[in-house]
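This report describes the fold and the ligand site of one protein model. Please consult the sequence and the structure together while reading.

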Amino acid sequence: MISHEMIDKAARLISGCKRVTALSGAGVSAESGISTYRDAGGLWDRYPEGSSGGILAVMTNHPEDAPQILMGFLEGIKKAKPNPGHRALVDLEEMGYLRAVITQNVDNLHREAGSSQVFEMHGNLYRLRCLKCNKKEIMGREPYFKMLEELINKMTRFSLEEIASNLPSCSCGGSARPDAVAFGEPVQDLPEAMAEAKACDLMLILGTSGVVYPAASLPGVAQSGGAKLIEINPQQSALTGRCDLFLEGKTGEILPRIVSSLREIQGKNIIPPES
Ligand code: APR
């Protein structure tokens, strides 16, 4: 359990800042029941080809397992709700410290928790993007899961053609796919994420192994602009070495404790930065 001194040290660092940005990875959603990727037991730990080729590489290599892999992933996402880590970031925003969340996650949980400025570099599962006209539209959870379950139940084995022929249609007549970024595709919101990294004076690095670019380059961008870096992770990552503070533990446990410590500091009339 991380010490009060370390929590207070992180809170004091944040209280002296005007603009905090958070960079989040799959670890932030782990306590919502969604599997991480490279952790022991994570998706790419079970299917190593995923670490460089994503879920499509996994299904291509294990076509007969595709339906159960997808259904397993879907079950995790379906039950997932924002956890105390997501909610603590909303508190930091409401207290006037946190300006934006840059996330690698596609599970929509930061938005569902109430974060108002979320940049989703790897897209969002619940958003459909038309392959013909590129129109994007958010699909509600229920219709989304119904659509995916029908698609998976029809699947005997994985084939891109079969998936493509069962995708929902766009109003333009084209096919629409979940707007999650596949490996090799350009990331989303990169200009906005870079701007937030440059503008912040502190970056929280939360639950990421820090091995996937360009997201993993953002702490360096922030630091070269003079920002402090605080990382929260149960284990060291590829980014730990450059951080000013490393808090070993779960975001769902540590972030709420930092918020409480900040409230105490605020209670001593240390006014938060102008929002
Ligand atoms: N709290 C904080 N961190 C956690 C927790 C937790 N409760 N549980 C696990 N972690 C940490 C792990 O120690 C690990 O460092 O979260 C990190 C998860 O790392 P990855 O599984 O590699 O996930 P991420 O860094 O988000 O991967 C980036 O890779 O495959 C792509 O598109 C995928 O967006 C993903 C990207």
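The model is predicted; local features require pLDDT of at least 70 and side-chain atom pairs pLDDT 80 or more, whereas totals for chains, interfaces and linings use all residues. Residues are numbered from 1 along each chain as its sequence is written, and side-chain values rest on heavy atoms, with hydrogens and water left out.

**Parallel sheet**

Helices (H or I, at least four residues) and strands (E, at least two) are DSSP runs numbered from the N terminus, and two strands are taken to pair if DSSP finds at least two bridges between them. Six strands with parallel pairing make up an open sheet in the order β3-β2-β1-β7-β8-β9. Its edges are β3 (118–120) and β9 (245–248), each of which pairs on one side only. From one strand to the next, the twist averages 15°; axes are lines fitted to C-alpha atoms, for helices over the stretch in contact, and angles run from 0 to 180 degrees between N-to-C directions. Five bridges link β7 (residues 202–206) and β8 (residues 228–233) in the parallel sense, and L202 stands opposite K228 in β8.

Helix α12 (residues 251–267) lies across β7, β8 and β9 and runs at about 135° to β8.

**Antiparallel sheet**

Three strands form an open sheet with antiparallel pairing, in the order β5-β4-β6. Because β5 (136–138) and β6 (176–180) stand at the edges with a single partner strand each, one side of each has no neighbour in the sheet. Neighbouring strands here are turned by 40° against each other on average, direction ignored. Strand β4 (residues 123–130) is joined to β5 by three bridges, and R127 stands opposite I138 in β5. Helix α8 (residues 141–154) packs on the sheet, where it touches β4 and β6; its direction makes about 75° with that of β4.

**Backbone features**

The peptide bond from Y213 to P214 is cis, with omega near 5°, and P214 is placed in the loop between β7 and α11 (218–224). N108 is not a glycine, yet has a positive phi of about 70°; this residue lies in the loop between β2 and α7 (109–113).

**Ligand site**

There are 22 residues around the ligand, of which Y37, R38, T208, S209 and N233 come nearest; a residue counts as near if one of its heavy atoms lies within 4 Å. By class, this shell holds seven nonpolar, eleven polar and four charged residues. In this scheme Ala, Val, Leu, Ile, Met, Phe, Trp, Tyr, Cys and Pro are nonpolar, Asp, Glu, Lys and Arg charged, and the others, Gly among them, polar.

| Residue | Protein atom | Ligand atom | Distance |
|---|---|---|---|
| G27 | polar backbone atom | nitrogen | 3.5 Å |
| H122 | polar side-chain atom | oxygen | 2.8 Å |
| N233 | side-chain N or O atom | oxygen | 2.7 Å |

On its own the ligand has 730 Å² of accessible area, and the protein covers 94% of this, as computed by the Shrake-Rupley method with a 1.4 Å probe.

Conventions
A polar contact is a pair of N or O atoms within 3.5 Å; within protein, one must be able to donate a hydrogen and the other to accept it, and residues adjacent in sequence count only if both atoms are side-chain atoms. Contact means heavy atoms within 4.5 Å.
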